[in-house]
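Notebook open, model loaded. I'm jotting down what I look up as I go.

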Amino acid sequence: MSTVARHPGAVDDAERQARCELAAAFRIADHLGWQEGMGNHFSMVVPGHDNHILINPYGLLWEEITASDLVVIDTDGNHVAGERKVDSTARWIHAMCHKAHPEAKVILHTHAPWSTAFTMAEGSVFEFSHQTTMRFYGKIAYDREYHGPGDNKDEGARLASMLGEGNIALFLAAHGVITAGPSVAAALYSMFAIETCCRRQALAKQFGDKLFQIDPEICAAGAKRHEGTSFNARAFLDAHLRRLDRTSPDFRD
Amino acid sequence: MSTVRKLDTGADPAWQARVDLAAALRIAKRFGWQDAMGNHFSMVVPGQENLILLNPYGYLWQEIRASMLTVIDTDGNHVEGEEVHPTARWIHACCHKAHSSAKVCLHTHAPYSTALTMIEDAELEFAHQGNMPLWGKIAWDRDYNGLGDTKEEGDRLARALSGGQTVLFMAAHGAITVGETVAGALYLMHKIETLCMRQLLAQSAGKPLVKVREDLCKQTADRAPATGKGAVAFLEAYKRILDREEPDYAT
């Protein structure tokens, strides 16, 4: 744990690597069409400094964000380093989630189209009807109450408590989705898989109301196989990193 | 990205208006809102309340440059520049004439908001937090009356906004947003397009939608107008991208 104020000279190799991966996650999320206006935010614990988190500043498009643009705040919501300001919603959702769940090194929050539309349908339930859904078996939480934007400490803490222990995705009614994971690769792949599964579920329901139910034992085995940072998740991030290094390498600046 | 873009307060406001309106057309194209040669964005010339800038007919939005914008007056007379489409002339002239607070008026057939206008008696449902700032700001014209290419039809559409609304959904047609600035009206168009997309995706599940509590909607509508700091940041951010990738918009 460290409370030393940061400046660019203090960024070590581990933090530089973390900043590059988190900046890449924004570029990838933009590429996949998950950005909404100026909103939404991704955060990551600074390696070796559990009370400090990297997060995107307000006012930059995801396609603009570079590694050095990321701001550092602490898990009590205080600004630590970085020239730009963080949106109050970003501050409180992420500070409170990291504080409550130290194992979740990365927290992503989006209003991606299909998973957000899912939160707008009353009482919607994530169905285990396709093999990709299995990784989420027993790891999905729902906040069925909408209390307004998460722009204060109390609401941030409430959302953090809704995420619960060991869950990797939280659906927020009338709002959007949060994924949590031990790495950028894991949390990003969860967001990708949630969005894909929500889209598929909506499409499947157009064929009929009753969906296939995968055997719970098979689901549980699938979830176990994908715990932590799966091979798929790492390969997905690495593939996109190669694409970014070709098309927009400035994300590492 | 390391420098913060500063507003150039020294620039001529009339030129700045042209630059912003041209930027809005370029940005709208990037979002996929263009419908062939149709649709139009307008803005009152700063300091000359009876004159408005409009995109000329026959150009794709990605071709529009600040200096190409046409000037007409709020009675629909041509003042300067290439011809505008009659629909552009009457929708925008009448809207600005009737609503002096609407300095900017955007009209698109963007995919999802237009799809919503094709559903009988559709409503924009308050089923997501992004809807809340729009509480009380939405107007509907349920009577499709042909193209808006006459003064009478322009006046009729303008009257639909007389309750202080900033969004007009026109049945079987498309959407209009108005605002005090290009940033405000553009952000509003982006908001309604995103919300309509989400609503139509959510409705494809065939289940009832969540309803955000009315008191929260009202509070948020008062506290966070749909055209606040987000709108300015949004336009400034996309102008940075345009400055890098297609800087001729500002010429």
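This is a predicted model: local features need pLDDT of at least 70, side-chain atom pairs count only at pLDDT 80 or more; totals for chains, interfaces and linings use all residues.

S7(A), residues 169-172, runs antiparallel to S8(A), with four bridges. Leu172(A) is the residue I found opposite Gly176(A) of S8(A).

Which other strand did I find pairing with S8(A)? It's S5(A), residues 106-110, again in the antiparallel sense, over five bridges. Here Val106(A) has Gly181(A) of S8(A) as its bridge partner.

Then I asked myself how many residues of S8(A) are buried. The strand covers residues 176-181, and six of its six residues are buried. I also sorted them by direction: Gly176(A), Ile178(A) and Ala180(A) point one way, while Val177(A), Thr179(A) and Gly181(A) point the other way.

Last stop, the contact between the chains. I noted 29 residues from chain A and 28 from chain B. On the chain B side, H5 (182-203), H6 (214-223) and H7 (229-245) each supply at least two residues. H5(B) gives the largest share of that side, seven residues. By residue class, the chain B side that touches chain A splits into 16 nonpolar, nine polar and three charged.

Terms used
Residues are numbered from 1 along each chain as its sequence is written. Chains are lettered from A and ligands numbered from 1 in the order in which they are written. Two residues are in contact if their C-beta atoms, placed from the backbone, lie within 7 Å. Ala, Val, Leu, Ile, Met, Phe, Trp, Tyr, Cys and Pro count as nonpolar, Asp, Glu, Lys and Arg as charged, and the others, Gly among them, as polar. A residue is buried if 20 or more other C-beta atoms lie within 10 Å of its own, exposed if 12 or fewer, and partly exposed in between; C-beta atoms are placed from the backbone. Two strands pair if DSSP finds at least two bridges between them.
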